[in-house]
Amino acid sequence: MDLKTSLEECGIALNLFLNNKFSEALDLLRPWAKESMYHALGYSTILVMQACMTFEHQDIQTGICTMKDALHTCQRFRKKNTVVESISNFVSKQASDQLKEEEMHAEICYAECLLQKAALTFDENMINFIKGGLKIRTSYQIYKECQQQLHMTQDLADNNETYSQFEGGVKLGIGAFNLMLSLLPGRVLRLLEFIGFSGNREFGLSQLREGAASHSLRAILSVLTLLMYHTYVSLILGTGEGNLVEAEALLEPYLNKFPNGSIILFYSARIAVLKGHFEKAEMKYQECIASQHEWKQVHHLCYWELMWTHSFQQHWLEAYRYADLLCKESKWSKAIYVFQKAAILSMLPEDELKKTGENVVDLFRQVEGLKQRIAGKSIPTEKFAVRKSRRYSAPNVVKLVIPALEMMYVWNGFTIVGKRADLTEGLLVTIEKAEQELRNDPDPTMYHPDDQCLVQMLKGLCLKHLGRLMQAELCFTQVVASEKMIRYDHYLVPFSLYELGLLYKQQGDFQKATRFIENAKLNYKDYSMESRLHFRIHAALNSLKGSPATTP
């Protein structure tokens, strides 16, 4: 099969995929997956996407095996003795001569396969990321070589369809790499820089934008990378400053072309969530669920989102319904789902809890036994859930205080709910009720100072989003001042320092903001979700670098 025909067939498979015809897309690609590099890449890409969505061991293994086959197929088309020959080749060389067109495509497809294989190993656990670093380095070097090829062969650009496909691949790879590396905290980047890594966020975004605006097969992959960044990554691993205007503009043509495409509908709903339009988002998620029944994992993503949209509105019974569905149907992280379900049930009044027939203490006691290792890794949020649930293991149970709101913070949900003053006020009422109960507790336990600090931090977040900045500052400062009294939840102090830094940034005092965030970064270690905070700190300090200095 020649290059042009294979690209055309992959275009048909892509349209099938975006129209929810996942099996048909795979059936079209499978027969040629051992003969054509683009069929191999397309086939393995779909299976890797499936693995990334489920994170089930079997799917990850299938994804890795298919990716190995795809790498083998692409290798056959590569120029022999290519510039990036081996992992030990630390010195970048100049391309000795220009590659033939088919060889150029083989390079880009090979690099893309390596990058996707690395994506299956990329998470918040920094050691695992570094372990995958050498594989990633090879991919990065190939992309840089392809970028050189692009500059050397610009004369082919006019009226050459296959050349524009190559160009789209370079922009996707160089863009995704720069964006991914720019997210990494300094200590990780320092470890990676000696093997030629560096990341420029703005350059990465601009390359992805150019890729998204092209007519290449990979335009949708550039779009999905940008959407993932604006709607998830910037929120969970950043300060929550995703560009929703851009996200909507990127999605619009695909919404028109694939109005029932589940992946497109999912992002449309997610954008509505981030704008605080929870009722609209709920409708969109239901549309997404109804649009297809082949990939159940898309339903599970919707259940997770619906659990949160109802939690933001304190519709605890509805939130429980989706947490329960996740416990029964999804294998991604039983520990997190059961903890989440128990945490949500803890928010219900006693009479409503009885109607569910659930036993909250039993649920919390199950969490530790459900902890797992995915592809050899522990999930940081699982570790956190296990640690929190241990309060229910002792004969004398000490109940967690507003655990559903604590988890809301872990996933940076206050940034989302903060868009809605009415709902933020509602959360504040719940938090102040917990504060009052702790204050009036006649028999405080050893967890009492930790619980008081948690309540103060969450109260500070609500006050910040309601514009009551001085009161918010008092809450965060109280947590920091109580540092020596905290016995278990040591994460509260560095996270509160970070929140104080963001508060000072909001008030325009950038020097003070930097000082507090640096304090959180440099003076605390070995606490829950440390790597997640370091990602957020990295993003916050980067945003402060571009801010004008102020006098203290």
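Let's start with Arg420, which is buried, with a relative accessible area of 17%. In this predicted model, the side chain of Arg420 meets that of Asp422 in a salt bridge, at 3.1 Å from N to O. Asp422 is partly exposed, at 47% relative accessible area.

Arg420 also turns up in the story of Glu282. Glu282 is buried and has no salt bridge. Its nearest side chain of opposite charge is Arg420, and that one is 8.2 Å away. A salt bridge needs the nitrogen within 4 Å of the carboxyl oxygen, so at 8.2 Å Arg420 does not count as a partner for Glu282. Glu282 sits in helix α14, which covers residues 278-291. What does Glu282 touch, once neighbours within four places in sequence are left aside? Its contacts are Leu306, Thr309, His310 and Gln313.

**Charged pairs**

Side chains of opposite charge can pair when their charged atoms come close. The structure has 25 salt bridges. Here are three of them.

| Pair | Closest N and O atoms |
|---|---|
| Arg218 and Glu112 | 2.5 Å |
| Arg390 and Glu368 | 2.9 Å |

Take the salt bridge of Arg218 and Glu112. This pair ties together distant parts of the chain, 106 residues apart: Arg218 is in the loop between α10 (201-213) and α11, while Glu112 is in helix α5. Are these two buried or exposed? Both Arg218 and Glu112 are buried.

Now for Arg390 and Glu368, which also form a salt bridge. Arg390 is in the loop between α20 (380-389) and α21 (403-410), and Glu368 is in helix α19 (residues 360-370), so to speak a link across 22 residues. Arg390 counts as partly exposed because its relative accessible area, 41%, falls between 20% and 50%. Glu368 is partly exposed too, at 37%.

Rolling a probe the size of a water molecule over the atoms shows where empty space is left. The largest pocket holds about 970 Å³ of space. It is lined by 33 residues, and the closest to its centre are Ser346, Lys399, Leu400, Val401 and Glu437. Helices α18 (350-356), α19, α23 (421-439) and α24 (448-465) each give two or more residues to this lining. The biggest giver is α23, with five residues. By class, the lining has 17 nonpolar, six polar and 10 charged residues.

The second largest pocket has a volume of about 480 Å³. Of its 26 lining residues, His215, Ser216, Leu217, Ala219 and Lys257 lie nearest the centre. Which element gives the largest share of this lining? That is α1, with eight residues. The lining splits into 15 nonpolar, seven polar and four charged residues.

**Cavities**

There are three cavities of 30 Å³ or more. The second largest cavity contains about 280 Å³ of space. It has 18 lining residues, and those nearest its centre are Leu14, Gly42, Thr45, Leu217 and Leu221. Two or more residues come from each of α1 (3-18), α3 (37-54), α5 (101-119) and α11 (219-236). The largest share is from α3, with six residues.

Definitions and conventions:
Residues are numbered from 1 along each chain as its sequence is written. This is a predicted model: local features need pLDDT of at least 70, side-chain atom pairs count only at pLDDT 80 or more; totals for chains, interfaces and linings use all residues. Side-chain values use heavy atoms; hydrogens and water are left out. Helices (H or I, at least four residues) and strands (E, at least two) are DSSP runs, numbered from the N terminus. Buried means under 20% relative accessible area, exposed over 50%, partly exposed in between (1.4 Å probe, protein chains only). Lys and Arg count as positive and Asp and Glu as negative; His and the chain ends are not counted. Contact means heavy atoms within 4.5 Å. On a 1 Å grid over the protein atoms alone, a cavity is a set of points where a 1.4 Å probe fits but cannot get out, and a pocket is an open set with protein on both sides within 12 Å along at least five of seven lines; lining residues have an atom within 4 Å of a point. Grid points are joined across faces, edges and corners, and a volume is the space filled by probe spheres set on the points. Ala, Val, Leu, Ile, Met, Phe, Trp, Tyr, Cys and Pro count as nonpolar, Asp, Glu, Lys and Arg as charged, and the others, Gly among them, as polar.
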